[in-house]
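Here is a short briefing for a first look at a protein model.

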Amino acid sequence: MTTLALEPQLLSLTLCDPARAVAYDKTQWERLVWQSRAAELMAQLHLVLSEASVLASAPAPARRHLEIASVIARRHADAVRHELGNLRQTLEPLQVPVVLLKGAAYLAMGHDAARGRIFNDVDILVPKTALKGVEQRLNWDGWFPLHTTAYDERYYRDWMHEIPPLQHKNRATVLDVHHTILPPTSGYRIDADALLERCRRLDRDPACFAVLAPEDMVVHSACHLFFGEFHKGLRDLYDLHQLLSGFSEEAGFWAQLVERATSLGLARPVLDALEQSRRLFRTQIPQYVERDLRPAATSIWPGVCRRWLFDHALRPPHASAGGRMTAFGRWLAFVRSHWLRMPLPLLAYHLSYKALLAR
Amino acid sequence: MRARLVGSGLVVPCGSFAVAIRSRLQAVHRGLGQLYADFPVFDRSRTYVDFEVEIDAPFGLRSLVRPQAILRCDGRAPFKPLPASQAMAMLEWGLNWVISSHSHDHLVLHAAAVERSGRALVLAADPGSGKSTLCAALVHRGWRLLSDKLALVSLQDGRIRPIARPISLKNASIGVVRALGADIVIGDVCRDTAKGDVAHMKPPSASVQAMDRPAAPAMLVFPRYRAGGQLVSRAEGRGRALIELTRHAFNASVLAGEGFEALCDLVASARPHRIEYGSFDQVLPEIDRLWSRVA
């Protein structure tokens, strides 16, 4: 097994060209299943393979894993829908906009990106002025902070773009309540009102919720991935690929994406998202988009370093996809995410606290 | 076996999966030799391997001072590292984790199951109730071991799929089971684990050989051992049994309605009983008596 060649792109290649799986041997199917489980993309893989009618060529045990994953994903979607119903009842009386983010948004919009997705938590965005009321109503309804140390409290309240994660006392669902899309300590002070202005009310159930405008949704998703730790990098990139593929049918989407990314000063992560999505998933992107973003997308790191880092950090976290340097690449991505999120003195303080004092 | 363990992996059945085990740890080699001697070994190149499980010493300076073992499955480490002396117990827990976290085409119950004349007796109880010890005693008396920890109830037909892996014993029960007879084989004792002293009993070879024969549940017992206690045996209501079993189902939330139906079918087909006992002499004849009425 260690003597076999690595297949770092087996999963992404199969997701964008499922027909090639017809020729896979047993070992490739084993790896495809392992990599997709590690990357949390197994149910999406099941969907793609079954729509391309190649599931029948999979060995029976591989098919079994994929089918189980699809059942689990359906349960996840049911659970999130149920949770959104509860949240609506809790927050509707406040009469404030509640913007669903990431997975919950894709699901509520009925977007393809929600299909087969596993949900680990629910993310919402509310106006900062409404935060206090939202928190109180959530507390009354049984949502309590997951972390309760004074340091965690300070970390979230003073430095982050969200309050400490909440967990429901009975259902154990985790809820992240955001007031903007990037930590203020990152140096990007994103005006959340500008996002709220363009957000779209959902006309289907659950009615009180809104979602970000398509360009803002892509910007947020790109920031989340490319300022983050690449913990579920490939899954997040696949979300982006699906978002881009879906929104590209909307008139004016690409121009608005360029305009928004540039005006928010977020051309770099958006360009990274487009380039990586095209590299791994062959996303169709008009040529002018990358050309127009490039002048604003500056970085102190040479392109070759960035490409190397993204190549490793976006592999499925499985031995059959990662080489000797992949663990190092992942570690660098982790360091980089903290570097981008906090100024150096604060970062030094935070990391020393976590290393020395945190329980 | 050793060559496979340090090479491409020793592929053995694990519930409804084929698992490739790799390890360089002597304790694991010895443990597998003691407990899995009757297990079929599959050809790695021809068998579809569902999971790769590795248990080895983690890298780092700590290994010089205090040797540890870490278990990885497909790149994930489900548990924190443990002292190297607990490696075999950790491997068993890891294999249980593989089954309970991925067998979602079955209802996975935290229960023991044994078979006689084609039908299954399910023993469900909280940890520490003496379930595994009772299971070992029944197996020693000729019942076929289906599983001592995880009863896999098929969502297709309600039958219980055998696992037939070693029976896990804790603390005083290790001596109790050893005393059952000279034919009982028990592996090395792992001391001071999170669950106290832990050792595993080798499954009878007849149970291992019958691993592909599932059995329909006929009786459900909630056993409870009380030191020095008297025998108290009574039929349990199916509704109560259902509620209690829900607590013992690992994947009820994943299976949702389908899981609930499987639980209902189980309590409908297996007559529930509650038995408290203070010795094997009380409980074993009582189970025989109850069994003669259902079988």
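Among contacts in chain B between residues at least 6 apart in sequence, what percentage join residues at least 24 apart? The figure is 70%, where two residues are in contact if their C-beta atoms, placed from the backbone, lie within 7 Å.

This is a predicted model, in which local features need pLDDT of at least 70 and side-chain atom pairs count only at pLDDT 80 or more, while totals for chains, interfaces and linings use all residues. Residues are numbered from 1 along each chain as its sequence is written, and chains are lettered from A and ligands numbered from 1 in the order in which they are written.

**Chain B as a whole**

- Chain B has ten helices and 16 strands; helices (H or I, at least four residues) and strands (E, at least two) are DSSP runs, numbered from the N terminus.
- Chain B is as compact as a globular protein of 295 residues, because its radius of gyration of 19 Å is close to the 19 Å from the globule rule. The radius is taken over C-alpha atoms, and the rule is 2.2 Å times the number of residues to the power 0.38.
- The C-alpha trace of chain B spans about 55 × 40 × 30 Å along its principal axes.
- Of the 295 residues in chain B, 46% are buried, meaning that 20 or more other C-beta atoms, placed from the backbone, lie within 10 Å of the residue's own.

**Domains of chain B**

- Domain 1 covers 1-102 and domain 2 covers 104-165 + 203-295, with bounds from an automatic or database domain assignment.
- The C-alpha centres of domain 1 and domain 2 of chain B are 27 Å apart.
- Ten residues from domain 1 of chain B and twelve residues from domain 2 of chain B form their contact.
- On the side of domain 1 of chain B that touches domain 2 of chain B, helix H4 (residues 87-102) of chain B has the largest share, five residues.

**Contact between chains A and B**

- Chain A puts 17 residues into the contact and chain B twelve residues.
- On the side of chain A that touches chain B, helix H2 (26-38) and helix H4 (60-91) of chain A each supply at least two residues.
- H4(A) gives the most to that side of chain A, seven residues.
- That side of chain A has eleven nonpolar, one polar and five charged residues. Ala, Val, Leu, Ile, Met, Phe, Trp, Tyr, Cys and Pro count as nonpolar, Asp, Glu, Lys and Arg as charged, and the others, Gly among them, as polar.

Terms used
A residue is buried if 20 or more other C-beta atoms lie within 10 Å of its own, exposed if 12 or fewer, and partly exposed in between; C-beta atoms are placed from the backbone.
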